[in-house]
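Try each task before you read the solution.

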Amino acid sequence: MIIEKPEVFVTPEFLIRQATLPWEIGGAASLRHRTFVTEQGIFPDHDRDEVDKVALPLVAISTMASEADEVVGTVRIHETDPRVWWGSRLAVAPGYRRVGRLGAELIRLAVGTAHGRGCKLFLAYVQMQNVPLFEKLNWTSLGERDLHGHPHMKMRADLAAYPPIKDPARGWMALTKRRAA
């Protein structure tokens, strides 16, 4: 008798929205810690900073039986000057990095949310390995900079490519590129 190991189940649906519930905010913080402290070693103890006091946390949430299950992606946005917004701490859980467009959907929510709040300039420092993704999403490179001992590219979003989002807490459902068996 041959028994094959089944593939790991990955939900085909994700909620993309602003984190508003305590478990969503906590899930985003936990994912950031696992990504930037444990996995990448960018920060020695934690990645929390003053920006977290004013930032809007945005999340990608896996679903189980169409119900919210687990935070598997996150990014934060904040306004630094009138109509100037920044995105930072984009993270997707390792098991979900190749299943769909979670990073792209979070970027769309981030820029669209800022645009809906009057943003005229949206910027981010992007890790070098992620620059091609951002370029595909209508971002322009503005120059390299070392942050926390790692090379980053300062990038600007083309706001014309991101319709304003007025209610980020409502969000939307995103589907994976994998088809269910």
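Rings of Phe, Tyr and Trp (its six-membered ring) pair if their centres lie within 6.5 Å; planes under 30 degrees apart count as stacked, over 60 as edge-to-face and the rest as tilted. This is a predicted model, where local features need pLDDT of at least 70, side-chain atom pairs count only at pLDDT 80 or more, and totals for chains, interfaces and linings use all residues. Residues are numbered from 1 along each chain as its sequence is written, and side-chain values use heavy atoms, with hydrogens and water left out.

**Exercise 1.** Work out how F14 and Y96 are arranged, and which parts their pair ties together.

Step one: the structure holds 4 aromatic pairs. One of them is F14 with Y96, at 5.7 Å centre to centre and 90° between the planes, which is edge-to-face.
Step two: F14 belongs to strand β1 (residues 13-18) and Y96 to the loop between β4 (84-92) and α2 (102-116), so the pair links parts 82 residues apart in sequence. (Helices, H or I, of at least four residues and strands, E, of at least two are DSSP runs, numbered from the N terminus.)

**Exercise 2.** Is P82 buried or exposed?

Step one: buried means under 20% relative accessible area, exposed over 50%, partly exposed in between (1.4 Å probe, protein chains only).
Step two: P82, in the loop between β3 (67-81) and β4, has 69% relative accessibility, so P82 is exposed.

**Exercise 3.** Which residues form one aromatic cluster?

Pick out F122, F134 and W139: they make up one cluster.
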